[in-house]
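Good morning, and thank you for coming.

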Amino acid sequence: MIKCEKINLSFPRQVICENLSFDVLRGESICLSGPSGKGKSSLLKVLMGFLIPQSGRIQIDGVELNSTTIMAIRNKMIWLPQNSNLPVDSANELVDLLQMKPEQVESFQLFQDRLGVRECGGNKSFTEISGGEKQRIVLSACLSLDRPIILLDEPVSALDDHSIDLLFATLDSLSNKTIVSTSHNKKWINYCNRTIEL
Ligand SMILES: Nc1ncnc2c1ncn2[C@@H]1O[C@H](COP(=O)(O)OP(=O)(O)OP(=O)(O)O)[C@@H](O)[C@H]1O
């Protein structure tokens with residue numbers, strides 16, 4: 001379970017949240033929603049420990065997020081950055097970046113099949129595939145790590161309805177994953193159990 005208590009996060013020119021508290025139960029999927037620039041991506045970064053709020057408390061499965069626990073907590077999570085922005089150019093490079101074990105590589109290929117992008121995998125350069133194909137490849141990689149908490153920043157921004165349906169079927173087949181996401185997509189928002197308005 002994720003517990004956020006009285007989070008205050010500000011940048012020099014913008015207050016992102018004041019005393020924001022919310023819980024996410026194990027197995028629940030929630031969507032952080034709100035207008036562009038409100039701070040949804042920033043909150044995902046707070047959960048990953050990439051951004052430190054000015055005050056507030058975050059607990060993951062009862063363990064407080066701090067400099068001592070951060071690595072153990074990060075190992076429970078996988079984060080899909082917005083626009084699948086990663087310093088890699090192919091599925092194989094993602095395998096290296098994420099230091100996938102052989103069974104995870106196998107699972108990566110399986111998820112590529114399920115999301116309809118197996119032919120975009122391997123050494124094929126990301127410059128030769130579409131934005132939606134790349135998004136599905138990166139989503140496949142995220143799911144293959146089999147972490148209990150999945151943070152998805154705009155996971156369907158480049159996907160058409162059919163690809164979104166394939167993703168829903170794939171996520172439905174996974175048990176007990178906790179998903180914290182951001183999206184402006186109505187289909188995705190409706191799929192989530194709950195939205196948290198920023
Ligand atoms: N490191 C930073 N330093 C200063 N300001 C930042 C930083 N990161 C983000 N911001 C600002 O914080 C605000 C929130 O950004 P964020 O990306 O979290 O919004 P968002 O709700 O995810 O937006 P979108 O829906 O457009 O993706 C923006 O105004 C952004 O310019």
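Which residue in E2 does Ser10 stand opposite? Ser10 stands opposite Val15. Before I continue, please note that this is a predicted model, in which local features need pLDDT of at least 70 and side-chain atom pairs count only at pLDDT 80 or more, while totals for chains, interfaces and linings use all residues. Residues are numbered from 1 along each chain as its sequence is written.

Strands E2, E1, E4 and E5 form an open sheet in the order E2-E1-E4-E5, with antiparallel pairing. At its edges are E2 and strand E5 (63-64), each of which pairs on one side only. Two terms need explaining: strands (E, at least two residues) and helices (H or I, at least four residues) are DSSP runs, numbered from the N terminus, and two strands pair if DSSP finds at least two bridges between them.

Strand E1 (residues 2-11) is joined to E2 by seven bridges in the antiparallel sense. E4 in turn has two antiparallel bridges to E5, where Glu64 is the bridge partner of Gln59. The hairpin of E4 and E5 has two residues between the strands, and in it Asp61 takes a positive phi near 50°.

I now turn to the other sheet. Five strands make up this open sheet in the order E6-E7-E8-E3-E9, and the pairing is parallel. Its edge strands, each pairing on one side only, are strand E6 (77-80) and strand E9 (194-197). Strand E7 (residues 149-153) and strand E8 (residues 178-182) run parallel and are joined by five bridges. Within that pair, Ile150 stands opposite Ile179.

Which residues have the most contacts inside the largest nonpolar core? They are Leu139, Cys142, Ile150, Leu151 and Val180, in a core of 44 residues. A nonpolar core is a set of buried Ala, Val, Leu, Ile, Met, Phe, Trp, Tyr and Cys residues joined through C-beta atoms within 7 Å. A residue is buried if 20 or more other C-beta atoms lie within 10 Å of its own, exposed if 12 or fewer, and partly exposed in between, with C-beta atoms placed from the backbone. Helix H5 (residues 131-144) gives the largest share of this core, six residues. Domain 1 (1-76 + 176-198) and domain 2 (77-146) both contribute residues, so the core lies between them. These domain bounds come from an automatic or database domain assignment. The centres of the two domains, taken over C-alpha atoms, are separated by 24 Å.

Finally, the ligand. Among the 13 residues around the ligand, Phe11, Ser36, Lys40, Ser41 and Ser42 come nearest; a residue counts as near if its C-beta atom, placed from the backbone, lies within 6 Å. Strand E2 (14-24) and helix H1 (40-48) are the elements that give two or more residues to this shell. H1 provides the largest share, three residues. The buried residues of H1 include Lys40 and Ser42. Just after H1, Gly49 takes a positive phi of about 80°.

Thank you for your attention.
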